[in-house]
Amino acid sequence: MKQKFNVIKSTCIPIAIDNCNTDLIIPARYLASTTRDPKFFGDAFMHDLRFDGAGNPVKDFVMNKPEFSEPPREGVHEIIVGGQNWGSGSSREHAAWAISGYGVRVVISSSFADIHRNNLLNCFVLPVVVSQQFQQELFDTIAKNPEAVVTVDVPNQTVTNETTGHSEHFDINGYKKHCLMNALDDIDYLLTVQDKTVEYENNRKH
């Protein structure tokens, strides 16, 4: 979903699964669908951990616990704090579609699979890399208080645990930062520089 990024303040969903692969994020059977309906993929997010074989919610899974089950909206559950090596496995773009379709805007982890990280950025979900110590601090804070707020400041590239006051800087490609802050996909961006591109090509002809 195209939405401008600035400062995001939100409670978080803690998914403390190391090596959470794309098959867990969205099972392979959903890849055959031809729809791009965000709700379809959002409903499939973490499906086989959220539901048993009969389609009943798995009570012990974090997303089904009352304190984390509310769907994301502004200020609520817009951020996932994930385990190490988030998004490993296959390169399926559907995994990023599922996270975006569920309503998540930021995923925080100490490491991401490279292809998945780029897929998230292309789907207007910001992957934020933090130290393992800060990652664990966030998990500990949320465990004590599910209402704890984390602030992700995109212009200044900082993530802050509002409970402890601790912050870390995160890196982001300058081009992708510009696109996120202006709600531009790659085609949108090319259209914003169309006049310059045409001028450059015309000058080359001379």
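Buried means under 20% relative accessible area and exposed means over 50%, with partly exposed in between. Keep those cut-offs handy for the exercises below, and bear in mind that this is a predicted model.

**Exercise 1. Is Leu 190 buried or exposed, and which nonpolar patch does this residue belong to?**

Step 1: Leu 190 sits in helix α8, which covers residues 186-192.

Step 2: Check its number. Leu 190 has a relative accessible area of 51%, so it counts as exposed.

Step 3: Together with Ile 187 and Leu 191, Leu 190 makes up a nonpolar surface patch, and the three share about 320 Å² of accessible area.

**Exercise 2. Work out where Lys 4 is and what this residue touches.**

Step 1: Lys 4 is found in the segment before β1 (7-10).

Step 2: With a relative accessible area of 57%, Lys 4 is exposed.

Step 3: Set aside the neighbours within four places in sequence, and the contacts of Lys 4 are Arg 105, Leu 180, Met 181, Asn 182 and Ala 183.

Step 4: From Lys 4 to Thr 160 is 156 residues in sequence and 20 Å in space, C-alpha to C-alpha.

**Exercise 3. Which residues of helix α4 are buried, and what covers them?**

Step 1: Go along the helix. His 94, Ala 95, Ala 96, Trp 97, Ala 98, Ile 99, Ser 100 and Tyr 102 are buried in α4.

Step 2: Draw the conclusion. Since eight of the nine residues in α4 (residues 94-102) are buried, the helix is largely enclosed by the rest of the structure.

Step 3: Find the cover. The elements over the buried residues of α4 include β2 (12-15), α1 (22-25), α2 (38-44), α3 (47-50), β4 (106-109) and α5 (114-122).

Step 4: See what comes next. Gly 103 follows α4 and has a positive phi, near 110°.

Step 5: After α5 comes Phe 124, with a positive phi near 60°.

**Exercise 4. Trace the pairing around strand β6.**

Step 1: Start with the side chains. In a regular strand they alternate between the two faces of the sheet. In β6 (residues 150-153), Val 150 and Val 152 point one way while Thr 151 and Asp 153 point the other, and all are buried.

Step 2: Take the first partner. β1 and β6 run antiparallel and are joined by four bridges, with Ser 10 opposite Val 150.

Step 3: Take β7 (residues 158-161). It pairs with β6 in the antiparallel sense, over four bridges, and Thr 160 of β7 stands opposite Thr 151.

Step 4: Inspect the turn. The β6-β7 hairpin has four residues between its strands, and Gln 157 takes a positive phi near 55° there.

**Exercise 5. What is the strand order of the open four-stranded sheet, and which strands stand at the edges?**

Step 1: The order reads β2-β3-β4-β5, with parallel pairing.

Step 2: β2 and β5 (126-129) each have a single partner strand, so they are the edges, and one side of each has no neighbour in the sheet.

Step 3: From one strand to the next, the twist averages 20°.

Step 4: Zoom in on one pair. β2 and β3 (residues 79-82) run parallel with four bridges between them, and Ile 15 has Gly 82 as its bridge partner in β3.

How values were computed: Residues are numbered from 1 along each chain as its sequence is written. This is a predicted model: local features need pLDDT of at least 70, side-chain atom pairs count only at pLDDT 80 or more; totals for chains, interfaces and linings use all residues. Side-chain values use heavy atoms; hydrogens and water are left out. Patches are made of residues with over 30% relative accessible area and no salt bridge: like charges are joined within 9 Å, nonpolar side chains (Val, Leu, Ile, Met, Phe, Trp, Tyr) within 5 Å. Accessible areas come from the Shrake-Rupley method with a 1.4 Å probe; for residues, only the protein chains shown count as cover. A salt bridge is a side-chain nitrogen of Lys or Arg within 4 Å of a carboxyl oxygen of Asp or Glu. Helices (H or I, at least four residues) and strands (E, at least two) are DSSP runs, numbered from the N terminus. Buried means under 20% relative accessible area, exposed over 50%, partly exposed in between (1.4 Å probe, protein chains only). Contact means heavy atoms within 4.5 Å. Two strands pair if DSSP finds at least two bridges between them. Axes are lines fitted to C-alpha atoms, for helices over the stretch in contact, and angles run from 0 to 180 degrees between N-to-C directions.
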